[in-house]
Each structure stands twice: as C-alpha cells, then as structure tokens.
Amino acid sequence: MPDEGPARTERDGSPRLFDSPDRRDGHVYVMLDDVSLAVRVALATGRPLLLRGDPGSGKSSLAPSIALRRGWRYYEHVVTSRTQATDLLWTYDHVRRLSDAQVRAPGHPLVDHRYVTPGPLWWAFAPRSAARADDPRPDRRHREDPFHKINETRSPHHAVVLIDEIDKAEPDMPNSLLVPLGSNEFTVAETGEQVRKERASSAAGDAENRHLVIITTNEERELPQAFLRRCVVAWLPQPDSGRLVRIAQEHFTQYDGGFTETDRELAEKLAEELKNARATAKKQGLRPPSTAEYLDALRACRSIGISPDDERWDLLQRLVLLKPQQPDE
C-alpha cells in the first residue's frame, strides 16, 4: 500500500476523516446576513428557528456551526414518519421492562426510571437532570450524554438542538411540541418526573436566550399554522455562483489542505454548469442538484482531472448532478 503520510486532525484533536463527505462538525458554514439576523431574533425571543428551503440549501448544517462558534453543547434528532413528539423529550423501553418483569425475583419491584432515556430537548434544557448528576440514590444510575465527545468541553449552560426534517413526521407531531418548547418543561408520563429548564450560574449571563432550537423542513408537508405562529421562520435560498465558490473555498481549505487558483477557476466553471444543470433538471422534472452535489462534482473533477470541456463531463453530470428518479423504460 502507498504511504499516505501522517494523519491530519480536526481542531479538537480528533482524526480527520477524509472518507466522510457529509460532515456535521460545524467547521464550515458560509452564513447569509439574513440568516444571521434570524438566529439573533430566535435567541432574543426564545422561539424555535424554522428553516425552510430546498434540500441541499444548507439548513441542517447551520445548527452545528452555531454550536461550534459559540462553544455551546449540540444535540440533533432526524425526524422520520414514525417519530413522536415524546421522542425529542424521552423514550421509555417498554420491551425491556416487560422482559425484566418476567424474570424478576419476588420482592424485587421494577424501577421505572431505569427504562427512561432522555431525548435531545431534555439533555439541552436540563443536562444535570438528564444525567442524574444530582441524584445520589443507587437505583438512579448515571446516564451519559449521547453527544459527550462533542460536548465535554462546551458550555453546560447553553445548547443548540437540531430537529431535522420535521415535515417527515405525522401532521399532529409539530403541534405536540408547542407546550414543551414554549414552557421549557414537561412530565415523563411513565414515572411522573417533572423536567424543567435548569437555572444557569451567574457566569452564564442572561443577555439572550441560552438555548436555540433549529427546525428544518423540506416542504414535503404543510406545517400547522399554530406551529408556524410560534416559530421564527427563515428561508434559505440555493446558493448563487459566487456563494458556491466561496463555499468550495471554505471546504477545500478546511478539509483538503488548500484551495489554489486552479481550484478557483474550476469551481467557477462548475458553478456555472450547476446553474445549467438546475435549469435542465427543472425542465425534465428532476430534483435540482444541491450544494453537496456541487462539492462532490468539484472534488471528483479535481481528483480525476475532468473539466466541463472534457468529453467525460456529460457522464460525470449524470453520475453526480442530474440523477434520474427511475431508469427510462
């Protein structure tokens, strides 16, 4: 095998993974002024920030970027069609409890707290409660922060939560979050435990809200009006050619060791080709290529030595940019 040289590391000392194209480390994000203002408004009002926009417009990448820049803890939950609102607060392992009930010795009652797992909102708003850090009772075993590798050096008093693709959930799920998001408290149904946002130390400051909930939607389902009224809503447009090149520069500088003038020229050519590919996709009824696919095309062109003038360009577009939903019959 060829010598790959010394392994590079991220800023936090962890190994840098070059085979991970979809990174959620927050190191690279080119933020629009409108989005920056929306974040400030959400923090000032204490409301969730709902990000709307096409897939690939950078909605999911905003939350880890803000958490990294501010030194805040970070949590995320990717919503599916089976997600319930309680999954963001807690889950209860009914199957394990039933199994334990069948084998438990007489005189040894089950402890319901053992079957509760805190969700991302619990960890964000009440981390000591989620970890049982203040509970000395032997039946309350310590729980580990699911994002402890990221959060161990970050502020215990501040957090960013990403609720990704909420439009994938059933229609009543968003409204079920209104009360816990508005009051910052909830009750665990199976145990009766009251969970409330924990007080911060005086050092944490109170000039703005200490927590930020970012929710994304790909517009696959209309969200309830009651839910929209309680959010700060921002729309993320697809990046134009200039912003695409800037994004490429940030990515290649951070993850690939540099961005040369040759890279810039190629990035500019591909940005124009992406504009054409989006127009073609619209005419053909295909999903338009995203920023991530633009970066894939740029990385492939850079590595293999392909440019838009190359005879292989049309094939590369079909491989990376213009992806048919179904094969032609």
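# How the terms apply to this model

Student: Why is Cys301 called buried?

Tutor: Cys301 has a relative accessibility of 2%, and buried means under 20% relative accessible area, with exposed over 50% and partly exposed in between (1.4 Å probe, protein chains only). Because 2% is under 20%, Cys301 counts as buried. Residues are numbered from 1 along each chain as its sequence is written, and side-chain values use heavy atoms, with hydrogens and water left out. This is a predicted model, in which local features need pLDDT of at least 70 and side-chain atom pairs count only at pLDDT 80 or more, whereas totals for chains, interfaces and linings use all residues.

Student: How do you know whether Cys231 is buried or exposed?

Tutor: The relative accessible area of Cys231 is 12%, which is under the 20% limit, so Cys231 is buried. Over the protein chain, 44% of the 329 residues count as buried.

Student: How many disulfides does the structure hold?

Tutor: The structure holds zero disulfides, where a disulfide is a pair of cysteine sulfur atoms within 2.5 Å.

Student: What makes the length of α11 agree with that of a helix?

Tutor: Helices (H or I, at least four residues) and strands (E, at least two) are DSSP runs numbered from the N terminus, and the protein chain has 13 helices and nine strands. Helix α11 covers residues 261-284, which is 24 residues, and the expected span is 1.5 Å times one less than the number of residues. That span should be 34 Å and the end C-alpha atoms are 34 Å apart, so the two values agree. Just after α11, Gly285 takes a positive phi of about 70°.

Student: Which parts of the chain cover the buried residues of α11?

Tutor: The buried residues of α11 include Asp263, Leu266, Leu270, Leu274 and Arg278, and what covers the buried residues includes α10 (241-255), α12 (291-304) and α13 (313-321). An α-helix has 3.6 residues a turn, so residues three or four places apart point the same way.

Student: What makes a space in this model a cavity?

Tutor: On a 1 Å grid over the protein atoms alone, a cavity is a set of points where a 1.4 Å probe fits but cannot get out, and lining residues have an atom within 4 Å of a point. The structure holds one cavity of 30 Å³ or more, and the largest cavity has a volume of about 30 Å³, a volume being the space filled by probe spheres set on the points, which are joined across faces, edges and corners. Among its lining residues are Ile166, Pro171, Arg221 and Pro224.

Student: Why is Pro171 called partly exposed, and where is Pro171 placed?

Tutor: Pro171 has a relative accessible area of 43%, between 20% and 50%, so the term partly exposed applies. Pro171 is in the loop between β5 (155-164) and α7 (173-176). Contact means heavy atoms within 4.5 Å, and, leaving aside neighbours within four places in sequence, Pro171 is in contact with Arg221 and Pro224. Pro171 and Arg221 are 50 residues apart along the chain, with their C-alpha atoms separated by 7.9 Å.

Student: Why is Glu219 also called partly exposed?

Tutor: Its relative accessible area is 31%, which lies between 20% and 50%, so Glu219 is partly exposed. Glu219 is in the loop between β8 (211-217) and α9 (225-229), and its phi, near 65°, is a positive value in a residue other than glycine.

Conventions
On a 1 Å grid over the protein atoms alone, a cavity is a set of points where a 1.4 Å probe fits but cannot get out, and a pocket is an open set with protein on both sides within 12 Å along at least five of seven lines; lining residues have an atom within 4 Å of a point.
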